[in-house]
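I opened this model to go through its chains, helices, loops and interface. My entries follow in the order of looking.

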Amino acid sequence: MFAQLGPSVTISWPFISLLILIASLALAAYVLWGRYQSRQALLRRVAELEALRSAGRAIVESQQDVEALSELIANEAGLVIDNSTFQVGLFEGSLYHILFWRVDGVKQEPTTFDLSENGGLVGWVRETKRPLMVKDFPMELENLPAKPRYTSETPPRSALFLPLLSGDETIGIIAAQHYEPNHFDEDDLKRLSIIANQAGSAFVNAQLFKELQEQAWLTTAQLQIANTIGREQELEPLIEATSRLTAMLVGTTFCTVMVWDFEFETYRWIGGYAEQHDLVEANVPKQMEIGTWSALDAVHVGQERLVTERVPGWLRPYLPHPAPPLLLHPVLTQTDAPMGVLIIDQPAEPDVHIQQRQFELLASISQYLGQALDNINLRTAQQEEAWVNTALLQVAEAVNSHTDLAQILDTIIRLVPMLVGVDKALILIWDEERGLFGVGPTFGVDEMGVGLINTLDLSRKELNQLAVQRTSSSQTVNYFKIKLEDWLQKSLGVPVALAFPLNARGQLVGILLIGTEEEIFSSRRLNILNGIAHQAATAVVNNQLYHAAAERSRLEQELSVARDIQASLIPRGCPQIPGCAVASYWEAARQVSGDFYDFLQLTNDNWGIVVADVADKGVPAALFMALVRTVLRAVAFNRQNPAETLTRVNQVLNQDAQTDLFVTLFYTVWNCHTNQLTFANGGHNPPILLHPNGTYQLLTSEGMALGVLPDVTIEEKRIEFRIGDILILYTDGVTEAMNSNYDEFDLPRLIHTATMARRKSATEIMNAIKAEISAHVGKTPQFDDITLVVIKREK
Amino acid sequence: MAIVSTTLENNIQFIAVNGRLDHTQTATLEVELNDALTQTTPHILVDLSQADYINSGGLRTLVTGWRKAKQQGGILILCGLNDRLHDIFSMVGFDKVFTIYSDSETAVQTLTDQAE
């Protein structure tokens, strides 16, 4: 449309002097008229100059954008020339943007031409920076410096082209055209030149202004982004607000954010904004795993923005038709961890300039959003932790309010569905005695299910085999996903079962079984379940410890009673055996002893003396000792022969004793008239008979421990027990008393000690032996009962 | 100190006791013996050649094993007692309860003959 036809005249000098010359000539010809004319011309000239000056001021002083400035220039030009067909345009690279355009007084839409192929007259003016006046296109066609670009059906005949200069650069063009030839004269050219000069610098200012304005806009936009994104504390409002703001600022019709879920490693759709119509949740996939949408994967992995033409079907309803390409922008934390992907629709052929601005804005939005999402994650984690702690505190309170294990576990199992929201829960308790798991309290499991599990007699091994997957999403949570065998499926009636081992003090005391319809459990729920399992385990163990402690204290009490009873079975003080001085010592390695000694006055003359050692220690030995003592007393009083007595005792013990215990026993009968000791030995350490001259004898005789074989042969011997003789009876606790080097006190040492002390009293001899034993063992604890009896024949 | 248990040919349960057969080891010996006694007719040989001491608890454990083996139609015999152990066994009269061999070969042979 902007055709230029006809010859061209290039005018580059001011015309004013010529006009003045003409006026002067006219003045000479027509003095009066001339004066008048001159005055008129001068006045006109002043008016023109005034118009130009005001136009210039208006243009230079305008602080508008280029579009408004273009219109202003056109309007101001209209004051000095006929500009019914007029254009103001600016260059940008090879592009020529016509910012203001009027044809025959009718304003046209701004438009853009690409001058790279054919610059036309506009291009020539741009190149040469010179004005161009075409008086008549058809006449001057051959002489034009460039070929006009376009010929319309009603082409203009005359035109003015003026470069808009800024320094050495032609930044744009203003042009006036007309249908009549020779419509514009040199004067018009001159006047438009002045406008053009001022317009040039005004445009530079305007462009600078525009840039500043844009920068200011960008800053404002970023502030708005920071404000909006920073204000939202919750995920959904954050995404909604961000989407809306992004669409508004970037100038798109659609925006959504897929948020990365760290725990489950998947993208989640939270919300978005669409100009077309509201995003309907039902039509949007709530979850998008890696591998579902390749563009999303690419952004996730590459962490670079990406434009895709392939729009997923679910997004199409929210986009203009046909669907524009989508721009996916990564949302990252400051440390470049993926937080999500921002998705907008992108105009098919975006302006380079606009695109740049879009990218800048998107980068800002993504940055703020990344931080906000990171903060939310952090806060959520803290809240989750607080929630878990609160939940577990509830469990702890419940646990502490009961002392009975059944009640505690029952409370725990009733809290599980309340705190975690599971369908089924039951606790299996390890029964140490039976070596299998028994069903404890349950929730949501019917009687048949409980019965079924109970009849299975689950062992640890069997339960281990069930664990298909030892899952530890975090270091602290320990649970198993369980294979659903038929029985379990029947018992629980759910597709998924989780097992949390009840571990306390290193032992598996039970299992918390959870049945659920859900495949995926959040870490919060797992944390709570793990904590519950821990508390249940502690409760079970505490209960065991409590019972053990109670049992121990009961046993200790019973033992102390037993000890009292046993002590009453041991002779107190020294028996008045005629002609003899007696000293004795009896000490149990534990609370009760398997050793004993006894003095029996069988007749006026006969005294039975016995020392015995029941194999093993502790309560069974003590009971057996009491039995042996009773049997011996019962048997001995009717018999004067030790061998016969022991044979009978052995028979009775073998008949009565259902235990594996046996006793070694030395029994002698002392007759104070015959001065004789008659003795028999049931496998006991042979006593020492020490003579005043320092020699000694061991009172050995054939026999064996009592209570092992029903028929035993026991030898009986007789020996003189004279004045000054010392009889030492003892159990192996004496000779085997050990020091820390496992050295035993031993028989020779016992004999030596007694020999050295033989002239002293029975008590002194005993004390000497005791002292020597103490010196030998030091602080080494003794594991055997000790019995020592010293009898000295005095007269 | 240790108690080592092996099953020889003809299902002979061989238990070797090292060191002191007292409260430090009787529980272990009891476990090993009970294990050996799970056989229907247990043939058990307790090798005491590396044992240097036995107390009444150790004796009791052996007697219990001997008695149970006998009740089940089996046998528990001993071998390799040193002088000290011999004295103890003889003092208590257990040399009359247990069949005692000086070396394990003879003991195993005896058990093998019995087992067959």
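Helices (H or I, at least four residues) and strands (E, at least two) are taken here as DSSP runs, numbered from the N terminus. I noted that this is a predicted model, in which local features need pLDDT of at least 70 and side-chain atom pairs count only at pLDDT 80 or more, while totals for chains, interfaces and linings use all residues. Residues are numbered from 1 along each chain as its sequence is written, chains are lettered from A and ligands numbered from 1 in the order in which they are written, and side-chain values use heavy atoms, with hydrogens and water left out.

**Entry: chain A overall.** I looked up the secondary structure of chain A and found 19 helices and 30 strands. Of its 795 residues, 49% count as buried; buried means under 20% relative accessible area, exposed over 50%, and partly exposed in between (1.4 Å probe, protein chains only). For contacts (heavy atoms within 4.5 Å), I took those in chain A with a separation of 6 or more, and 63% of them join residues 24 or more positions apart.

**Entry: loops.** I found a cis peptide bond from A:His321 to A:Pro322, with omega near -5 degrees. A:Pro322 sits in the loop between strand 12 (306-308) and strand 13 (326-332) of chain A. I then looked up positive phi values. A:Lys129 has one of about 60 degrees although it is not a glycine, and its place is the loop between helix 4 (120-128) and strand 6 (132-136) of chain A. A:Lys129 is partly exposed, at a relative accessible area of 33%. A:Asp746, also not a glycine, has a positive phi of about 75 degrees. I located A:Asp746 in the loop between helix 17 (732-735) and helix 18 (747-756) of chain A; its relative accessibility of 37% makes it partly exposed.

**Entry: helix 10.** Helix 10 (residues 405-420) of chain A has 16 residues. From first C-alpha to last I read 22 Å, close to the 22 Å expected at 1.5 Å a residue; the expected span is 1.5 Å times one less than the number of residues. Its buried residues include A:Leu405, A:Ile408, A:Leu409, A:Ile412 and A:Val416. Just after the helix, A:Gly421 takes a positive phi of about 70 degrees.

**Entry: A:Thr246.** Is A:Thr246 buried or exposed? I found it buried, at 0% relative accessibility, in helix 7 (residues 235-251) of chain A. Leaving out residues up to four places away in sequence, A:Thr246 touches A:Gly251, A:Cys255, A:Leu342, A:Ile344, A:Leu362 and A:Ile365.

**Entry: the interface.** The contact takes 25 residues from chain A and 19 residues from chain B. The area buried between the two chains is about 1,900 Å², of which carbon and sulfur atoms give 54%; buried area is the accessible area (1.4 Å probe) that two parts lose on being put together, summed over both. A:Asp660, A:Phe662 and A:Val708 supply 26% of the area that chain A buries against chain B, more than any other three residues.

I also looked for salt bridges (a side-chain nitrogen of Lys or Arg within 4 Å of a carboxyl oxygen of Asp or Glu). The rule finds three across the interface of chain A and chain B. I noted the salt bridge between the side chains of B:Arg84 and A:Glu744, at 2.7 Å, N to O.
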